[in-house]
Amino acid sequence: MPPKLPAAVKTYYDTLAAIEGAGAANEGATRSAFQNLLSAWGQPHRLTVLAEQTIDGTRKRPIRLDGILVDEMHNRRGFWEAKDTGDDLDAEVIKKIAAGYPLSNMLFENTRRGVLYQDGARRVEADLRNPAQLQMILNEFVGYEPAGIADFRRAVTRFREDVPHLAATLTTLIDDARRNNPAFRAALAAFLDMCRKALNPATTEAEVEDMLKQHILTERIFRSIFQNAAFVRRNAVAGELEQMVDALTSRAFSRESFLRQLDYFYQPIEDRARGIEDYAEKQDLLRTLYEQFFQAYSTRAADTHGIVYTPPEIVRWMVASVEQALQREFGLGLAAEGVHIIDPCVGTGTFVMELLRRIPTSLLEPKYLRELHANEVLLLPYYIAAQNIEHAFYERTNQYAPFPGICFADTLDITQEPQPQLPGFAPENSLRVEEQKKAPIRVVIGNPPYNVGQENENDNNK
């Protein structure tokens, strides 16, 4: 008696038989059967199949993949391309390689044969009509993890364990500096005063210290991933925080020696960032690091501020739906002159970047400079969003321009009083808030944070 087939494999063969029995053999008809099989096979490895994905290929041109296999940390673990049953698979593979399809872990199949490339070389071939060979190539595909990703995953896991201790150590250093370092005391008081006048009158000293600790622990990550050494000078808020870091390090504390103990974490990230050329993949990397950092640094903050961000596929659907509603109700598109759009909880900028992708190039610059608005209350996503949005504009126009529409503010409770003119980042931020308040906002789009899972009203953590 032949061995019993796994349920996913049996379903795959039964589905193919039904499709082909109905006279269909093209990729569009058969693709969903293999996608379902691949999804089931990836589940034990905590892998998800993202269908119909466009990425930058190895030849720097966009390519459309039938699927990308991603893990829970948003790492792209594999790529899948389906072809028609009657296609000459080897000839199709040659065409796809010439077009720039990635070969790090790439599975080509036409329901009859499968060809798997790993590390740029042809590794495995299989007769997919043979259940044993089908399972063998699936196991090779979903079980593969490049060394760089494995190192990255281990580093992130360890970092999550270490973050509370590192933050506690920084708290001790800051407390000592507050007592014994007048320069730091003055810098802390000045920054707190700015935040209260320019951002939110209720800002506390503890919140400012949190911002400082987050900045110290993560600034190197942003520099390395964005490959932007001028980051701390160009970003107004980062520049102000750097003044506090300078004061903190003016005595015994050395940022370099303190952060050296995190080399096990930074170096795999930097190695991984150097190997990524597709900016969307860099955004996935940043989103992973941000989620992991906050879940470890402050679970409460992660819950309150919705640290797990909206998937890009949902963002695209939401923006397209808003465009349809705008056309239906007002006869206008999102790109139309005078249509001001705001994301009041911008996170890492995903919604604004999707807007930038949809707006025609000829209309993009005035929209970017005058009619797009965004707010963020947390420091780290504010950093990421500003750079992501500016990079998205650069990609579309081949010119850099700072995004003037982003405000660092209490996103859901911007003060109604005119903003005072203060040194540092405050004048720029205050003016942006005032401009935003005067803007004729027509579209509000985004995903506001709300902790629907709160079970006890006493937590006050919605």
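The exercises below concern a predicted model.

**Exercise 1.** Describe the protein chain as a whole, from its secondary structure to its contacts and its surface.

*Solution.* Begin with the elements: the protein chain holds 18 helices and 10 strands. Finally, the chain exposes about 21300 Å², of which carbon and sulfur atoms supply 50%.

**Exercise 2.** Determine which strands pair with β5, and in what sense.

*Solution.* Locate β5 at residues 113–118, where 5 of the 6 residues are buried, so that the strand is mostly covered by the under 20% criterion. On one side of the comparison, β4 (residues 105–109) pairs with β5 in the antiparallel sense over 5 bridges, and glutamate 109 stands opposite glycine 114 of β5. For the other partner, β6 (residues 121–127), the run is again antiparallel, with 6 bridges to β5, and here valine 115 stands opposite glutamate 125 of β6.

**Exercise 3.** Examine the turns on either end of β5 and find a residue with a positive phi in each.

*Solution.* Take the hairpin of β4 and β5 to begin with: 3 residues lie between the strands, and threonine 111 in that turn has a positive phi of about 75°. Proceed to the hairpin of β5 and β6, where 2 residues lie between the strands and aspartate 119 in the turn has a positive phi of about 55°.

Key: Residues are numbered from 1 along each chain as its sequence is written. This is a predicted model: local features need pLDDT of at least 70, side-chain atom pairs count only at pLDDT 80 or more; totals for chains, interfaces and linings use all residues. Side-chain values use heavy atoms; hydrogens and water are left out. Helices (H or I, at least four residues) and strands (E, at least two) are DSSP runs, numbered from the N terminus. Accessible areas come from the Shrake-Rupley method with a 1.4 Å probe; for residues, only the protein chains shown count as cover. Buried means under 20% relative accessible area, exposed over 50%, partly exposed in between (1.4 Å probe, protein chains only). Two strands pair if DSSP finds at least two bridges between them.
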